[in-house]
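Please have a look at the sequence and coordinates first.

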Amino acid sequence: MHDQMARIQSHIESHQHMAGALMPLLHAIQDDLSYIPEECYGLIAKALNLSVAEVHGVVTFYHHFRTRPPGRHVLQVCRAESCQAMGCGALESHVKSSLGIDYHETTSDGSITLEPVYCLGNCACSPAIMLDDEIYGRVSPQQVESLLASARRDNP
């Protein structure tokens, strides 16, 4: 935790003098740690002359920001209009049922975190998902099962 707070402090110091620093700072912290610990809201608020409630409000408003560490793999299911038109509702129901979790949750073995995303920019190949940093299009429930099984095998 000490190392983590030192890294957060380093990000704060490199961003605090920027105009509109909050969003770039939050992105930098999440890119580095994979989430934004609530313990750092006070440090951020003090450095940017904001209230802790303002920092908390921004972190929790945007679905992109996580407040807890994710699992070893992150599966994002696109919920934008094109994907909805091409059956992402059935796909997300299948994934939730198969993993036994809802959005913003992690499987009990810590292997998969499930998140919604609003447009992966892959509309021509809807429905789309992103597993870690790889985007897949025209995805069926069976393909998601195969991808998840492969991901779990890679990191037991």
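How many helices and strands make up the secondary structure of the protein? The count comes to seven helices and five strands, where helices (H or I, at least four residues) and strands (E, at least two) are DSSP runs numbered from the N terminus. Along the sequence, these elements follow the pattern α-α-α-α-β-α-α-β-β-β-β-α.

A word on the source: this is a predicted model, in which local features need pLDDT of at least 70 and side-chain atom pairs count only at pLDDT 80 or more, while totals for chains, interfaces and linings use all residues. Residues are numbered from 1 along each chain as its sequence is written, and side-chain values use heavy atoms, with hydrogens and water left out.

**Overall build**

Taken along the principal axes, the C-alpha atoms fill a box of roughly 50 × 35 × 20 Å. Of the 156 residues, 40% are buried, meaning under 20% relative accessible area with a 1.4 Å probe and protein chains only (exposed is over 50%, partly exposed in between). Among contacts with a separation of 6 or more, 59% join residues 24 or more positions apart; contact means heavy atoms within 4.5 Å.

**Helices H2 and H4**

The axes of H2 (residues 22–33) and H4 come within 11 Å and cross at roughly 65 degrees. Axes here are lines fitted to C-alpha atoms over the stretch in contact, with angles from 0 to 180 degrees between N-to-C directions. Leu22, Met23 and Leu26 in H2 meet Val55, Val58 and Val59 in H4.

Alanine 53 also has its place in helix H4, and it counts as exposed because its relative accessibility is 59%. Its C-alpha atom is separated by 9.3 Å from that of glycine 42, 11 residues away along the chain.

**The largest pocket**

The largest pocket holds about 240 Å³ of space. Its lining has 15 residues, and Phe65, Arg66, Thr67, Arg68 and His104 are the closest to its centre. Helix H4 (52–61), strand S2 (105–106) and strand S3 (112–117) each give two or more residues to this lining. A pocket is an open set of points on a 1 Å grid over the protein atoms alone, where a 1.4 Å probe fits, with protein on both sides within 12 Å along at least five of seven lines; lining residues have an atom within 4 Å of a point. Points are joined across faces, edges and corners, and the volume is the space filled by probe spheres set on them.

| Class in the pocket lining | Number |
|---|---|
| Nonpolar | five residues |
| Polar | six residues |

Conventions. Nonpolar A, V, L, I, M, F, W, Y, C, P; charged D, E, K, R; others polar.
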